[in-house]
Amino acid sequence: ILTTRSQLRLSEEKSAMPVIERPDPSILLSAQDDDAQKTGVAVISGSIVGGTILLVTLLTGFENILPDGWFAAWRDYTWGVPMGLIFSAAGVSHFALTEVY
């Protein structure tokens, strides 16, 4: 079998990737009985709602402490760039590390 340099380089790069051990599927929520799944979904949903309420409360308190306009300026100029970088990095890694996803 003849291989090109690019094929050889790709096979070398793939072999350099670390082997990721997969967890036992029996620990997944979807592998549990119906009652455990219902409880798990309720706990996850409640945690998301509770965390959202807590974060909104903290940010509202922070906004009330600062002088007028400061919170809005801080939010408008500092939240966009980090969030954009995080989502860009996630998108790039999703396509660059296809074996991990």
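The protein chain exposes about 8900 Å², and carbon and sulfur atoms supply 68% of that area (areas come from the Shrake-Rupley method with a 1.4 Å probe; for residues, only the protein chains shown count as cover). Keep in mind that this is a predicted model: local features need pLDDT of at least 70, side-chain atom pairs count only at pLDDT 80 or more, and totals for chains, interfaces and linings use all residues. Residues are numbered from 1 along each chain as its sequence is written, and side-chain values use heavy atoms, with hydrogens and water left out.

**Overall build**
- You'll find 4 helices and 0 strands here (DSSP runs numbered from the N terminus: helices are H or I with at least four residues, strands are E with at least two).
- Of the chain's 101 residues, 3% count as buried (buried is under 20% relative accessible area, exposed is over 50%, partly exposed is in between, with a 1.4 Å probe and protein chains only).

- Mean pLDDT for the protein chain is 84, with 82% of residues at 70 or more (pLDDT is the predictor's confidence in each residue, from 0 to 100).
- Helix 2 (residues 34-65) has the highest confidence, a mean of 96, while helix 1 (residues 5-16) has the lowest, at 53.

**Aromatic rings**
- The chain has 5 aromatic pairs (rings of Phe, Tyr and Trp, the last by its six-membered ring, with centres within 6.5 Å; planes under 30 degrees apart are stacked, over 60 edge-to-face, the rest tilted).
- One of them is Phe-62 with Trp-74, edge-to-face at 5.5 Å centre to centre and 75 degrees between the planes.
- Phe-62 sits in helix 2 and Trp-74 in helix 3 (residues 70-78), so this pair ties together parts 12 residues apart in sequence.
- Phe-71 and Trp-74 make a tilted pair, 5.5 Å centre to centre with 55 degrees between the planes.
- Both of these residues are in helix 3, 3 residues apart, or about one turn of the helix.
- Phe-71 counts as buried because its relative accessible area is 5%, whereas Trp-74 is partly exposed at 35%.
- Ring pairs join Phe-62, Phe-71, Trp-74 and Trp-79 into a cluster.

**Other spots to look at**
- Ser-93 belongs to helix 4 (residues 80-96), and its 19% relative accessibility makes Ser-93 buried.
- Ile-48 is part of helix 2, and at 55% relative accessibility Ile-48 counts as exposed.
- The C-alpha atoms of Ile-20 and Val-100 are 8.0 Å apart, although 80 residues separate them along the chain.
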